[in-house]
Amino acid sequence: MSEYALEITGLKKVYDNDVEALKGIDLKITKGDFFALLGPNGAGKSSTIGIISSITNKTDGNIKIFGVDIDQNFPKAKSFLGVVAQEINFSQFEKVEDIVITQAGFYGIPKDIAKARCKNLLKKLSLWDKRQDQARNLSGGQKRRLMIAKALVHEPKLLILDEPTAGVDIELRREMWDFLSDINNKGTTIILTTHYLEEAEQHCNNIAIIDEGSIVEDTSMKELLSRLSIQSFVLDLEDEIQDLPDLPIFDLKSQDPKTLIATLTKDDDLNTLFDKLSEHGIKVKSMRNEQNRLEELFIRLVKEKDGN
Amino acid sequence: METKELIWAIITLSEKELRRFLRIWVQTLVPPAVTTSLYFVIFGSLIGPRIGAMDGFDYIQFMIPGLIMLAVITAAYSNVVSSFYGVKFQRAIEELLISPMPNWAILFGYVVGGVARGVMIGVIVFLVSLIFYPNFEIANYGLTILVLFLTSIMFSLMGFINAVYADSFDDIAVIPTFVLTPLIYLGGVFYSINILPDIWRNISLANPMLYVVNTFREGMLGSSDVSIPLALGMMSGFIILFTAICLYLLNKGIGIRQ
């Protein structure tokens with residue numbers, strides 16, 4: 001059995017309108033990984049996911065899911081896979097419970113087992129009270145969670161999450177991530193695409209960035225973040241200040257009388273900054289990153305690729 | 001998929017299809033009963049006695065097999081075309097494409113739905129006809145049931161092909177409205193082609209619906225304008241041809257995969 005959950009080799013996709021969405025990408029994702037596949041809109045993420053999940057036909061290349069080539073035994077390869085698509089893809093007129101149980105049935109899972117799994121998933125995803133409701137009556141966030149329940153009911157070894165938290169409120173989003181982290185800890189490989197980059201930074205071990213149909217970065221999250229040469233911090237001050245303190249080695253800007261923006265290079269020491277501010281009688285009440293670190297890198301990588 | 005899993009997957013899809021049209025029974029099961037009742041009242045009870053006998057049968061009695069076929073064809077076709085286009089439109093087709101179900105099993109599930117609705121409608125319309133003509137006796141049960149199923153299968157497959165190519169709700173209405181309905185009405189539902197002038201009689205023989213309606217009439221009344229072995233052969237041939245087309249479309253992903 002392969003050590004990889006997913007192996008993509010030379011994957012190409014040219015649509016009927018001659019748009020080349022994928023220009024021969026290679027990607028390997030190890031078993032048990034929590035992997036982020038990021039990229040701007042139209043970069044090729046959805047085409048890649050579409051081909052893996054057989055919604056889109058590939059033009060060329062190979063895909064193996066847990067060592068099974070999709071060209072040789074697609075049904076077997078698909079049995080390993082669960083997909084939470086970006087768009088709602090269930091019948092809006094069916095009951096929540098029926099949608100999940102029916103999906104299990106498509107994988108050959110008998111109804112009694114499907115019912116038990118459905119109950120477990122709907123409870124974990126806070127949808128049990130809605131099980132008899134028609135899907136069209138659910139809120140946006142509830143529909144997203146139903147998509148997750150549907151994708152997990154056959155207990156896939158590889159779960160693809162395409163924008164899973166879009167439209168989900170903060171509290172439920174946190175619950176969802178706890179749930180998904182738990183699944184990952186129990187051995188399910190997860191591939192995530194998201195526009196909430198702080199979520200990718202928080203949960204994913206490895207990352208690939210795709211742009212204009214090519215992989216521009218494929219590394220560990222740790223390694224990627226270590227390349228960040230400058231970081232900006234927002235400092236909330238205890239008291240108002242009239243003028244900026246004169247600290248030559250630090251780049252400081254005033255956002256308002258009680259807030260400073262400090263931009264530090266890799267070599268700068270935060271303790272030195274605080275000491276210097278104290279010397280000027282400035283006390284910092286709290287501090288946060290101005291921008292998500294991964295977001296900064298992401299924008300930079302995509303801009304570099306565009307030659308900007 | 002193992003055989004057991006495959007059987008369960010087919011049962012699941014078939015159940016889903018049955019659940020769909022039974023959930024909206026007011027739209028799917030009641031209208032044919034109402035429409036047929038009106039046909040029986042107007043053409044059977046009011047105008048029928050003035051027309052007199054047709055091929056040796058009371059006019060209302062002659063109409064019954066044709067009206068059942070009219071309802072069965074429409075039901076089987078529209079069930080599959082609307083259901084499959086519906087899942088395409090709502091992207092619920094992805095549920096099936098992502099699953100390990102083979103394409104033939106997907107087609108089978110949809111055809112089961114179409115056949116179930118077609119047969120159910122056939123029985124409902126027959127029961128309605130008994131209200132207006134209680135002494136109706138079926139001449140050949142075996143042939144009647146065989147034609148009922150063959151017709152439902154054939155038009156379910158046609159509905160599937162239409163749905164695969166459909167890009168809008170207009171596309172699923174064009175064939176039933178402009179092709180199927182005229183061919184059925186001109187296919188001997190209300191008259192025997194023996195009453196037509198030779199030229200129109202010969203033109204009518206080129207209408208495939210004529211063979212479907214008349215084979216069913218042979219089963220129910222023991223009277224037909226066409227050769228039964230030829231008609232059964234044609235229906236079987238069309239079923240094989242349409243099945244091959246459906247599987248080709250599914251395997252190529254035409255209309256369902258990008």
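**Figure 1. Where chain A meets chain B in the predicted model.** On chain A, 25 residues are in contact with 25 residues of chain B. Three elements of chain A each give two or more residues to this side: α2 (74-79), β6 (81-84) and α3 (96-106). The most comes from α3(A), which gives four residues. By residue class, the side of chain A that touches chain B holds ten nonpolar, 13 polar and two charged residues.

**Figure 2. Domains of chain A.** Chain A is divided into three parts. Domain 1 is built from two stretches, 4-80 and 156-225. Domain 2 covers 94-155. Domain 3 covers 229-306. The centres of domain 2 and domain 3 of chain A, taken over C-alpha atoms, are 47 Å apart.

**Figure 3. Crossing of helices α4 and α7 in chain B.** Two packed helices are described by the angle between their axes and the distance between the axes. Here, helix α4 (residues 59-89) of chain B crosses helix α7 (residues 141-165) of chain B at roughly 35°. Their axes come within 7 Å. The crossing of α4(B) and α7(B) is right-handed.

**Figure 4. Residues in the contact of α4(B) with α7(B).** From α4(B), the contributors include B:Met69, B:Val72, B:Ile73, B:Ala76, B:Phe84 and B:Lys88. From α7(B), they include B:Leu148, B:Thr151, B:Phe155, B:Met158, B:Gly159 and B:Ala163. The residues of this contact divide into 14 nonpolar, seven polar and one charged.

Terms used:
Residues are numbered from 1 along each chain as its sequence is written. Chains are lettered from A and ligands numbered from 1 in the order in which they are written. This is a predicted model: local features need pLDDT of at least 70, side-chain atom pairs count only at pLDDT 80 or more; totals for chains, interfaces and linings use all residues. Domain bounds come from an automatic or database domain assignment. Two residues are in contact if their C-beta atoms, placed from the backbone, lie within 7 Å. Ala, Val, Leu, Ile, Met, Phe, Trp, Tyr, Cys and Pro count as nonpolar, Asp, Glu, Lys and Arg as charged, and the others, Gly among them, as polar. Axes are lines fitted to C-alpha atoms, for helices over the stretch in contact, and angles run from 0 to 180 degrees between N-to-C directions. A crossing is left-handed if the near helix is turned anticlockwise from the far one by less than a right angle, and right-handed if clockwise.
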